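Dear colleague,

Please find the structure below, handed over for your files.

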Amino acid sequence: MRLTTEAPAERFGAAFCGGGPAVIGPVIAAARRGQLQEFLDSGILLVEPDLVGPGGIAHYRIPANSLGGAFLEFLDALDAFDGDAFLPLRDAEETHELRRHADEYPPLSVVAAFLRRVGDRVVALLAGHPRCRVVTRASVHRVTLREGGDGAVVTALAEDGSSLEFLADRVVLAMGGTPLPGYATQELTPGLSLGAYADKVCHSESLVDRRKDMPARLVDAVARDGRVVIVGGAHSAWSVAGLLLRSPELVGRTEAPEITVLHRTPVQLFYLSTAEAEADGYPFDPVTDVCADSGRVNRFGGLRGPARLLAQAALGMTGETVPVRLIRIGEETADREAASALDAAAAVVVATGYQARLPELLAEGGGGLTARVEGTGTVVTEDALLVLADGSTDERLLAYGLGAGLRISGATGGEPGYTRRADGVWLYQNGIGDIVLDHLPALRGDVRRHAHSTTTEVTQR
Ligand SMILES: Cc1cc2nc3c(=O)[nH]c(=O)nc-3n(C[C@H](O)[C@H](O)[C@H](O)COP(=O)(O)OP(=O)(O)OC[C@H]3O[C@@H](n4cnc5c(N)ncnc54)[C@H](O)[C@@H]3O)c2cc1C
């Protein structure tokens with residue numbers, strides 16, 4: 001392995017590794033803050049192997065868990081901020097198509113087409129600035145922190161096999177996610193482990209993500225005997241359940257499989273207000289389940305859209321019958337029932353989340369750096385610094401996005417009882433985008449959040 005000792009010729013204020021929704025967020029946030037020019041002047045590098053903009057969303061077979069309007073919100077607020085750069089998007093066909101779904105949970109394919117256009121604008125902005133550069137068809141595979149805190153070297157491998165090196169003051173890691181380590185053998189509750197079932201376990205991405213395949217032996221098994229256990233109670237789990245009911249052909253069937261969902265915490269539903277939750281007779285804690293900023297109930301943890309409707313049906317709240325049984329594990333009788341369901345299942349789909357996809361991380365001199373990973377994903381601080389295995393952080397290394405959501409804070413908002421990690425396209429363009437920009441030395445201390453989301457609160461929040 002060759003270690004960098006000399007600085008590469010090109011130096012940037014920030015290197016964004018990845019070009020998905022998480023990375024386009026701060027560009028939009030910079031425009032909202034009236035700081036787009038400073039942002040570009042600070043020198044931005046973006047490295048992405050594929051298209052800039054849609055990221056994984058281009059490949060998910062499920063509907064969005066945010067309203068179409070949430071993705072359009074920044075376009076609708078352009079008049080209130082430095083938004084000329086994004087103005088041409090208003091007339092794009094993809095924007096009109098998404099607008100037709102503004103008050104619905106659109107197919108993610110419609111969202112992806114729109115995000116692709118946003119990505120094109122971001123590329124045009126960066127490519128048109130002398131201090132910025134977009135490198136596509138290249139993957140970041142190593143980041144080396146230079147001695148004395150003097151930036152970091154980003155090493156990328158281009159599709160043609162050439163190696164590229166760039167120096168940056170800050171490195172922003174947002175390359176998407178991969179399944180959490182050990183997901184196939186995890187202990188669900190004391191005494192109930194997936195280890196005994198590992199040969200029939202797959203990750204939810206093998207169903208929701210068109211780039212992945214469910215192992216053929218599991219498809220065959222479900223086709224023969226349609227019993228599927230889904231582990232997890234959040235959006236991914238209910239999205240998999242909905243997908244299996246809508247598209248049984250994915251598991252070789254013409255009829256929906258019989259689904260059992262194993263969940264540890266009560267099924268949480270999103271409500272726009274406490275009054276709405278009360279009117280529905282939905283039990284919630286007025287402190288821990290309510291976002292103080294927005295008044296939403298279960299703003300981050302609550303199911304929305306089609307996933308919510310299915311969960312409500314399974315809970316018996318709608319009068320509709322669905323072939324989905326719920327078992328809340330963590331109690332002896334329920335755990336026995338769960339073990340029988342696992343014994344009988346043809347396949348077990350684990351929908352408990354992701355960790356961040358990271359490049360090799362090195363300290364100059366060659367020592368490897370390992371990121372800390374917990375059950376909720378790769379650990380980052382409230383202000384998006386990557387936490388290393390020894391608990392330390394380095395101001396040059398930021399991470400967020402799929403698999404590296406932030407703990408909720410004043411900047412993100414959210415219900416205090418939410419223990420998982422906050423991410424989502426709207427947040428990347430708002431609270432998380434602000435946090436990332438505040439790390440860039442050229443922008444810090446000049447925060448003009450004049451347009452911060454007075455209109456924002458309708459959709460994702
Ligand atoms: C199934 C599913 C559905 C979701 N639905 C919604 C939703 O409806 N609404 C919402 O707001 N959020 C949703 N999310 C959450 C989140 O907003 C999305 O996951 C979003 O795609 C995350 O953006 P990202 O940029 O972090 O990762 P990704 O979208 O995965 O993008 C990562 C980017 O990094 C690139 N990359 C990969 N490797 C490298 C490398 N080595 N070097 C450089 N670049 C690299 C990839 O090509 C890609 O473009 C969903 C998540 C999942 C898993």
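Does Asp434 count as buried or exposed, and what is the relative accessibility behind that? Asp434 counts as buried, because its relative accessibility is 2% and the buried class covers values under 20%. Please bear in mind that this is a predicted model. Asp434 is found in helix α13, which spans residues 431–438. The side chain of Asp434 is joined to that of Arg32 by a polar contact of 3.3 Å.

Helix α3 is the next element to mention. This helix runs over residues 68–76 and is mostly covered, with 8 of its 9 residues buried. The buried residues are Gly68, Gly69, Ala70, Phe71, Leu72, Glu73, Phe74 and Leu75. They pack against four helices, namely α1 (21–32), α4 (93–99), α5 (108–127) and α12 (425–429).

I turn now to the domains. According to the domain assignment, domain 1 comprises 11–178 + 355–458, while domain 2 comprises 181–267 + 303–350. The contact between them involves 13 residues from domain 1 and 16 residues from domain 2. Taken over C-alpha atoms, the centres of domain 1 and domain 2 are separated by 31 Å.

The size of an interface is often expressed as the accessible area lost when the parts come together. Between domain 1 and domain 2, the buried area is about 1,400 Å², and carbon and sulfur atoms give 58% of it. On the side of domain 1, His59, Arg61 and Ile62 supply 46% of the area buried against domain 2, more than any other three residues. Between domain 1 and domain 2 there are 0 salt bridges, but 4 residue pairs are in polar contact. The residues of domain 1 that touch domain 2 divide into 7 nonpolar, 4 polar and 2 charged.

The charged pairs deserve a separate paragraph. Side chains of opposite charge can pair when their charged atoms come close. A search of the whole structure finds 22 salt bridges. One of these is formed by Glu360 and Arg142, whose closest N and O atoms are 3.2 Å apart. Glu360 lies in strand β16 (residues 360–363) and Arg142 in strand β4 (residues 138–145), so this pair ties together parts that are 218 residues apart in sequence. Glu360 counts as partly exposed, at 33% relative accessibility, whereas Arg142 counts as buried, at 11%.

A further salt bridge is formed by Glu374 and Arg407, with the closest N and O atoms 3.7 Å apart. Glu374 belongs to strand β18 (residues 373–374) and Arg407 to the loop between β20 (397–399) and α12; the pair links distant parts of the chain, 33 residues apart. Glu374 is partly exposed, with a relative accessible area of 34%, and Arg407 is partly exposed, with a relative accessible area of 33%.

Arg396 and Asp394 form another salt bridge, in which the closest N and O atoms are 2.8 Å apart. Both Arg396 and Asp394 are buried.

With kind regards

Key:
Residues are numbered from 1 along each chain as its sequence is written. This is a predicted model: local features need pLDDT of at least 70, side-chain atom pairs count only at pLDDT 80 or more; totals for chains, interfaces and linings use all residues. Side-chain values use heavy atoms; hydrogens and water are left out. Domain bounds come from an automatic or database domain assignment. Contact means heavy atoms within 4.5 Å. Buried area is the accessible area (1.4 Å probe) that two parts lose on being put together, summed over both. A salt bridge is a side-chain nitrogen of Lys or Arg within 4 Å of a carboxyl oxygen of Asp or Glu. A polar contact is a pair of N or O atoms within 3.5 Å; within protein, one must be able to donate a hydrogen and the other to accept it, and residues adjacent in sequence count only if both atoms are side-chain atoms. Ala, Val, Leu, Ile, Met, Phe, Trp, Tyr, Cys and Pro count as nonpolar, Asp, Glu, Lys and Arg as charged, and the others, Gly among them, as polar. Buried means under 20% relative accessible area, exposed over 50%, partly exposed in between (1.4 Å probe, protein chains only). Helices (H or I, at least four residues) and strands (E, at least two) are DSSP runs, numbered from the N terminus.
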